[in-house]
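Please inspect the sequence and the coordinates before reading on.

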Amino acid sequence: MAPHNIVDEGPTDLSQQADGISALPPPPPPMSARPPRILIIGAGSRGRTYARAAISSSNGVVVAVAEPNEYKRQQFGQNFIHGTDKAPQGSLFADWRDFVSWETERRARESSGETVPEGVDAAFVCVLDEMHHDVVVGLAPLGLHIMCEKPLATTLDDCVGMYRALAPQQKDKVFSIGHVLRYSPHNIMLRKLLLEDKAIGDILSVVHTEPVGWWHFSHSYVRGNWRKESTTAPSLLTKSCHDIDIILWLLCSPAPGSDAPPHLPSTVSSSGSLQFFKKSRKPKAAASATNCLSCPIEKDCMYSSKRIYVGPKHQGLETGNTHWPVSIVLPDIESFDESERHQVLMSKLAEDYTDSTPQSEIDKQNWFGRCVFESDNDVCDEQVVTMTWDDEPLGSSATDAGSNPPGGRGSKQATFHMIAQTKKQCDRYSYIYGTEGEIYADSKTITIEDFRTGETRTFKPRLESLGHGGGDVGLTRQFILAVDHVKNHGWTAEDAQAKFIGCTLEEVIRSHALVFAAEEARTGKKVLEWKEWWHRKVGHISTA
């Protein structure tokens, strides 16, 4: 049974829908006789997004889910696995550990000659960021193909530990990370124009901005899951690690067809802080109120939880929306009659804590009705990261067509800016300056100014879905294609990884490590030498 709803969920969709842009997912690849069987671990918004993409645009089938919330688990099963039929054996699990136990037993029974249900080939890991390490390492002995939502983990040690657990399986299994920006048609075209077509000559400078959106930031990083470094990680990691990845994809990873080594950065520096969402910014007229519903200026406050989640603006309940962000506040909103939804949502927003509430109780849930100036958030709401590259010679065996200076790669730099207070919501844009031209790219269009000819060219890549410009669909399709070719077409995992996923495990570690380096630079107010920092913090990555 097809899912009853294949609408994308997430903040990127809102701005694109407002622009009146339509998206048409590509048709799925031909289905193999034994299509890849997919397990989704975590039935939140990202898990549902990948499940929808798998159904609409891949040649795999979603056959199992692990999700502790019973409502989410049952709803996921009905929407993506079994429809109105009875759930098949081995399709619904309350915990990922339950799946591991079941699968281990299933394999033992199969080895003894019993007839057992077919297992799964691959898992999408879409749990809370701080759980990624335990889940991926826990799955490793099963030898599944794995796609882990970004970030890989919330500490550098955990990232390296995951690498060591996965590296021995690289000859047999593919691995992908949720760096969806690599897979949007827009960014694929942008990389081709820059690295293969040399549309602006050699890249000299990249200035890339992620405008998070004023109320989106308050939802996710002030009131929501990712508000505290101590319980999750810095916002540069949880929100922007795939922006750092896309910069390294353009400036560090070799061009297609090149056997040159990666052009590693020379220095990393960063500045930023929590500038706005703090008590010193609280309007005096709000007095001692800590919850929007008891605040004397609620009707006039643009951050009113009632305005954002209930009202006729910002995808509130009164717009008819029951998906993101309303479903994040109240996951089972659709289980209530329409006449009840307003009351139960308001009751949820009325929840609050006091000075006497144990910190453990505060940390274990989100407080979407809490005043944004009275929350316990501490992650940066604005940050700048600067990376530089030195001139680098290439050995005579390396081919890097069109590189300057001759026989090497030139110096360059990149600046990344994450900012909360914007109208745009995750609608990224970049200025890229080269030796022979410049490019402006805004997630929908790519405009090239050619200094050599004086010509202006504009490209509008196709939009395959509203989720990250088609990146959600693209990543899902490519990962499942890689699994299919290993399972059904005799490909090695290494070849499938290179052809369909196009990202190595080493690149995943490098982009995450750069985020941790940037955080060290920011908090220490210093400029880091990348190679020295890598040697000191990461060293030689191996399976030892």
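Predicted model: local features only at pLDDT ≥ 70, side-chain atom pairs only at ≥ 80, totals over all residues.

The space in the second largest pocket amounts to about 740 Å³. Its lining consists of 27 residues, and those nearest the pocket centre are R191, W249, A498, I501 and G502. Two or more lining residues come from each of the helices α7 (185–196), α15 (471–488), α16 (493–501) and α17 (505–524). The largest contribution is that of α7, which supplies 5 residues. In terms of residue class, the lining of the second largest pocket comprises 11 nonpolar, 5 polar and 11 charged residues.

**The annotated N-terminal segment**

An unreviewed UniProt entry assigns the feature "domain: Gfo/Idh/MocA-like oxidoreductase N-terminal" to residues 37–171. Over residues 37–171 the chain is 44% helix and 16% strand.

**Backbone geometry in loops**

Two cis peptide bonds and two non-glycine residues with positive phi are listed below.

| Site | Feature | Value |
|---|---|---|
| K150 and P151 | cis peptide bond | omega about -5 degrees |
| W324 to P325 | cis peptide bond | omega near 0 degrees |
| K198 | positive phi | phi about 50 degrees |
| H314 | positive phi | phi about 55 degrees |

P151 is located in the loop between β5 (145–148) and α6 (156–166). P325, in turn, belongs to the loop between α11 (305–310) and α12 (326–329). The loop between α11 and α12 also holds H314. K198 is situated in the loop that runs between α7 and β7 (203–211).

Are K198 and H314 buried or partly exposed? The relative accessible area of K198 is 22%, so this residue counts as partly exposed. H314 has a relative accessible area of 18% and is therefore buried. The cut-off that separates the two classes is 20% relative accessible area.

**Two buried loop residues**

V180 occupies the loop between β6 (175–177) and α7. With a relative accessibility of 1%, V180 is classed as buried. Which residues does V180 touch, not counting residues up to four places away in sequence? They are R46, Y50, H242, H468, G471, D472 and L475. The C-alpha atom of V180 is separated by 8.9 Å from that of K150, although these two residues are 30 residues apart along the chain. K150 is joined to P151 by a cis peptide bond.

E374 lies in the loop between α14 (359–363) and β9 (382–389). Its relative accessible area is 13%, so E374 also counts as buried. When neighbours within four places in sequence are left aside, the contacts of E374 are K279, K282, A289, T290 and Y353.

**Summary of the pocket**

Note on methods: Residues numbered from 1 in each chain as written. Heavy atoms only, no water. 1 Å grid on protein atoms, 1.4 Å probe; cavity = no way out; pocket = protein on both sides within 12 Å on 5 of 7 lines; lining within 4 Å. Points joined across faces, edges and corners; volume = space filled by probe spheres on them. Helix = DSSP H or I, 4+ residues; strand = E, 2+ residues; numbered from the N terminus. Nonpolar A, V, L, I, M, F, W, Y, C, P; charged D, E, K, R; others polar. Buried < 20%, exposed > 50% of the residue type's maximum accessible area, 1.4 Å probe, protein only. UniProt positions renumbered as here; feature names shortened; annotations may be inferred. Contact = heavy atoms within 4.5 Å.
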